[in-house]
Amino acid sequence: MVYKALTIAGSDSGGGAGIQADLKTFQELDVYGMSAITAVTAQNTLGVQGVYPMSVEAVIQQIKSIAADLPPQAVKTGMLFSSELIRAVADEIKHADWVKLVVDPVMIAKGGASLLQEEAVAALKEYLIPLAYVITPNIPEAEVLSGMKINFMADRKMVAIKLYELGAKHVVIKGGHDNSELVTDLLYDGEQFYEFTSKRLITQHTHGTGCTFAAVITAELAKGHTVYEAIQVAKEFIHAAIGEELGIGSGHGPTNHWAYRRGVQVG
Ligand SMILES: Nc1ncnc2c1ncn2[C@@H]1O[C@H](COP(=O)(O)OP(=O)(O)O)[C@@H](O)[C@H]1O
Ligand SMILES: Cc1ncc(COP(=O)(O)OP(=O)(O)O)c(N)n1
């Protein structure tokens with residue numbers, strides 16, 4: 001059986017995040033990767049130098065072409081940029097009846113560049129999040145989506161409930177932006193909370209962690225694993241990818257997508 005996953009996201013010319021991170025991750029996990037590109041970014045480890053959105057027509061045709069011939073078992077969305085693109089992508093996903101949908105609500109790159117227009121947040125909440133099987137915001141994204149401030153784990157739990165009420169079946173609020181010694185990602189499935197914790201690795205090479213983490217979940221869902229199992233793998237994958245630095249570029253370097261496959265053990 002060949003498992004197939006589709007990413008609907010932006011291109012990162014530097015190869016650390018976006019479509020490139022997703023396809024590398026799918027490949028590392030033995031899942032056949034496909035893409036629908038929503039925007040091209042000119043980007044490197046120092047920041048984002050340009051954002052060039054695709055037309056709605058171009059994005060929709062890419063998705064239709066895949067749906068007609070290569071139906072994926074799981075789909076991920078990343079950078080969607082505008083409310084027009086969000087609405088059109090949500091319509092196509094609904095039409096294709098793709099259930100295993102991982103929505104990574106990408107808003108701002110680590111260097112500060114905006115990858116989502118401000119007015120598009122409402123469209124994310126109204127059209128895409130209700131279709132999500134899993135949503136994977138980081139802390140700042142969860143704050144924007146909920147309109148609530150997160151200081152402690154108790155706040156994160158309240159926000160997770162609020163995001164679940166938007167219609168996502170599983171909410172994962174990632175902990176990379178917290179400053180504690182341990183990094184905890186929180187899962188809420190509508191009934192219970194689960195915490196996935198690892199040691200915080202001290203490095204500036206964390207470009208693309210969110211994309212990679214959500215791509216692992218997508219790949220594992222495509223293989224038929226549960227959300228809980230998929231997050232366990234995602235946490236191990238990202239820990240190895242951050243832990244064994246490639247050390248390339250002079251800014252926030254990309255993670256190492258082959259570290260997990262090579263069985264790298266990071267303390
Ligand atoms: N310094 C770190 N050490 C270990 N794990 C990390 C670190 N930073 C992020 N992670 C992990 O990487 C994933 C992405 O987290 P986060 O940085 O919050 O997302 P984003 O890249 O979307 O901002 C999560 O699984 C988180 O636990
Ligand atoms: C094209 C593109 N998509 C998404 C991101 C953001 O990726 P993320 O994994 O959140 O990593 P950082 O940019 O925050 O390091 C991106 N930069 N480019």
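Is K76 buried or exposed?

First, some ground rules. This is a predicted model, where local features need pLDDT of at least 70 and side-chain atom pairs count only at pLDDT 80 or more, while totals for chains, interfaces and linings use all residues. Residues are numbered from 1 along each chain as its sequence is written, chains are lettered from A and ligands numbered from 1 in the order in which they are written, and side-chain values use heavy atoms, with hydrogens and water left out.

Let's begin with the overall picture. The protein has eight helices and nine strands; these are DSSP runs, H or I of at least four residues for helices and E of at least two for strands, numbered from the N terminus. Its C-alpha atoms fill a box of roughly 45 × 40 × 40 Å along the principal axes. For 267 residues, a compact globule would have a radius of gyration near 18 Å, and the 17 Å of this protein agrees with that. That radius is taken over C-alpha atoms, and the globule rule is 2.2 Å times the number of residues to the power 0.38.

Now, how much is tucked away? Of the 267 residues, 52% count as buried; buried means under 20% relative accessible area, exposed means over 50%, and partly exposed lies in between, using a 1.4 Å probe and protein chains only.

Next, the sheet. The nine strands form an open sheet with mixed pairing, in the order β3-β2-β1-β4-β5-β6-β7-β8-β9. Two strands pair if DSSP finds at least two bridges between them. β3 (47-53) and β9 (193-199) stand at the edges with a single partner strand each, so one side of each has no neighbour in the sheet.

Together β2 and β3 make a hairpin with two residues between them, and Q43 has V48 in β3 as its bridge partner.

Finally, salt bridges: a side-chain nitrogen of Lys or Arg within 4 Å of a carboxyl oxygen of Asp or Glu. The count comes to nine. In one of them, K76 meets D22, with the closest N and O atoms 2.9 Å apart. This pair links distant parts of the chain, K76 in strand β4 (residues 74-77) and D22 in helix α1 (residues 18-28), 54 residues apart.

So here is our answer: K76 counts as buried, at 0% relative accessibility.

For another picture, take K149 and E143, whose side chains meet at 3.3 Å, N to O. Here K149 is exposed at 58% relative accessibility, whereas E143 is buried at 17%.
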